[in-house]
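The following exercises concern the structure shown below.

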Amino acid sequence: MIATLIDTLGHAAVEAATAVVPVALVAFAFLAFDRRSRSRVRSSVIGIAFAYVGLTAFLAGVELAFLPAGERVAASFDGATMWLLVPIGFLLGAVATIAEPAVRVMRVQVERVSAGSIDGRLLLTAIALGVGAVVATAMLRVLVDFPLWWILLPGYILVFILAPFADRQFVGMAFDSGGIATGPMAVTFILSLAIGAAQNLPGRDPATLAFGMIALIAMAPILTVLILGVIYRRAALTTQEETFR
Amino acid sequence: MALCAGALLVALASPGPEDLGTFAIGVLLTVIGLGVFLEGVRLVLLPIGEALGARVTGVGSLALILGVGVAIGTLVTLAEPDVRILVGQIDRADALVAPRWAYVVVVAGGVGISLALALLRSVLNLPLIPLMLAGYAVIGALAAIAPLEAIAFAFDFGAVTTGPVSVPVLLALNAGVVTTLGGQGDVSRTFGLLGIASIGPVIAILLLLIATGGSG
């Protein structure tokens with residue numbers, strides 16, 4: 001176990017370096033040239049150190065825990081019980097979304113932008129259900145084997161149809177919200193589950209089937225926020241009409 | 001979330017105590033590591049992002065804006081953990097057609113270029129939707145000629161680039177740009193930046209996979 005630990009940490013340390021060193025170089029170049037930022041040198045050094053240590057730990061931890069866990073759990077199902085992954089996927093998707101801090105930030109934003117007329121809890125539930133549904137669909141895709149674009153294309157078409165009808169602020173927010181649900185949990189554990197499932201089922205190519213899940217997870221909040229944007233705009237317009245009557 | 005994964009693991013895979021120990025350590029490392037990492041990024045990149053955003057509009061040179069966009073976009077994506085993890089997943093699925101670093105560099109470059117365009121849009125106050133439609137049209141065209149699984153990978157990378165590192169920095173950068181311009185235009189200029197920025201990596205990966213022609 002210790003050997004695996006050290007080995008993984010080693011790989012993680014190298015990978016983290018390739019991520020942090022460029023940032024560090026540019027940060028220090030900027031500090032060197034920009035006199036106003038001199039006071040920031042100390043916090044920048046601390047920041048770089050934190051970033052490097054933190055990233056190494058994170059990458060190692062993911063490698064040690066979540067990735068194998070996903071594969072192991074998927075491996076414990078056989079052909080007959082695999083379908084359980086669909087409801088499990090739904091649960092995981094919903095839970096992961098609720099736990100995601102970025103989603104909570106978005107909720108505050110929406111409440112502020114709509115001046116309280118859109119309930120943050122409603123938003124959270126909607127997004128969570130949306131992501132859950134999407135993860136379940138992605139698992140279904142691994143089991144049943146249908147092409148990704150069957151879901152992706154209609155999804156994006158729907159996005160572009162709805163966008164002009166939604167309140168303008170919601171449009172921007174919607175596109176920005178795509179990234180919030182695709183956090184580390186989704187990319188590591190849930191994707192691992194899908195890949196593991198695909199690898200365990202005969203004749204399924206994980207490359208084609210399991211991936212694309214993240215893209216779908218990214219699409220769900222966009223649609224949800226857009227739909228809310230359409231509702232909000234129509235409600236606002238109706239209120240205007242009533243006021244002028 | 002970790003509890004869920006742990007519960008599932010225990011319930012279904014019946015791991016030995018040694019595996020469970022590794023899992024526990026892994027979870028600890030992941031949770032603490034991510035927190036520490038994000039704090040570090042916040043300390044370093046956020047002030048730079050804002051300052052750059054302000055300085056860039058002051059100079060008023062389009063070339064500078066583009067240059068800053070490319071640089072920051074690339075940097076921020078290089079530091080994005082989820083990008084690395086996704087590449088690792090592709091590796092685990094035995095589906096790599098190029099070395100791992102190639103994926104990372106291509107994605108980072110893609111973000112850089114589209115961030116530059118997004119900044120340009122912000123500064124010039126061009127409308128959002130036509131630009132996005134154009135971007136997705138290009139994606140659609142490329143997807144039609146790309147190998148089958150390329151689409152899945154490309155969109156996954158696109159989704160992953162708007163992660164915990166990129167989002168705060170890009171928004172800070174854009175905030176710097178918008179405030180320096182005297183708060184012209186409406187709030188929708190600040191948003192949508194991420195949407196445009198995530199188009200770049202999709203196109204970039206599609207091109208990479210088309211160029212390397214097919215699955216591994």
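**Exercise 1.** With which residue does Arg84(B) form a salt bridge, and how far apart are the closest N and O atoms?

*Solution.* The model is a predicted one.

Step 1. The partner of Arg84(B) is Glu15(A), and the closest N and O atoms are 2.8 Å apart.

Step 2. Arg84(B) belongs to helix H4 (residues 81–92) of chain B, while Glu15(A) belongs to helix H1 (residues 2–33) of chain A, so this pair joins two chains.

Step 3. A residue counts as buried under 20% relative accessible area. Arg84(B), with 6%, is therefore buried, whereas Glu15(A), with 22%, is partly exposed.

**Exercise 2.** Describe the salt bridge between Arg42(B) and Glu39(B), and state how the two residues are placed along their helix.

*Solution.* 

Step 1. The two side chains meet with an N to O distance of 2.7 Å. In general, side chains of opposite charge can pair when their charged atoms come close.

Step 2. Both residues are part of helix H2 (residues 17–59) of chain B, and they are 3 residues apart, which is about one turn of the helix.

Step 3. Arg42(B) is partly exposed at 43% relative accessible area, and Glu39(B) is partly exposed at 29%.

Step 4. Elsewhere, salt bridges with shared partners connect Glu15(A), Arg84(B), Asp91(B) and Arg100(B) in one network. Over all chains, the structure holds 4 salt bridges.

**Exercise 3.** Characterise the interface between chain B and chain A by its contacts, its buried area and its polar pairs.

*Solution.* 

Step 1. On the side of chain B, 72 residues are in contact with 79 residues of chain A.

Step 2. About 6600 Å² is buried between the two chains, and carbon and sulfur atoms give 76% of this area.

Step 3. Between chain B and chain A there are 2 salt bridges and 6 residue pairs in polar contact.

Step 4. Several helices of chain B each supply at least two residues of the side that touches chain A, including helix H1 (2–13), helix H3 (62–78) and helix H6 (128–145). The largest share of that side, 25 residues, comes from H2(B).

**Exercise 4.** How many helices and strands are there in chain B, and what percentage of its residues count as buried?

*Solution.* 

Step 1. Chain B contains 10 helices and 0 strands.

Step 2. Of its 216 residues, 57% count as buried.

Step 3. Among the contacts in chain B with a separation of 6 or more, 82% are between residues 24 or more positions apart.

**Exercise 5.** Compare the span of helix H2 (residues 41–75) of chain A with the expected value, and locate its bend at Val62(A).

*Solution.* 

Step 1. This helix has 35 residues and reaches 49 Å from its first C-alpha to its last, close to the expected 51 Å.

Step 2. At Val62(A), H2(A) bends by about 40°.

Notes:
Residues numbered from 1 in each chain as written. Chains lettered and ligands numbered in written order. Predicted model: local features only at pLDDT ≥ 70, side-chain atom pairs only at ≥ 80, totals over all residues. Heavy atoms only, no water. Helix = DSSP H or I, 4+ residues; strand = E, 2+ residues; numbered from the N terminus. Buried < 20%, exposed > 50% of the residue type's maximum accessible area, 1.4 Å probe, protein only. Expected span 1.5 Å × (residues − 1). Bend = angle between axes of the 7 residues up to and from the residue. Contact = heavy atoms within 4.5 Å. Buried area = accessible area lost by both parts, 1.4 Å probe. Polar contact = N/O pair within 3.5 Å; in protein donor to acceptor, adjacent residues only side chain to side chain.
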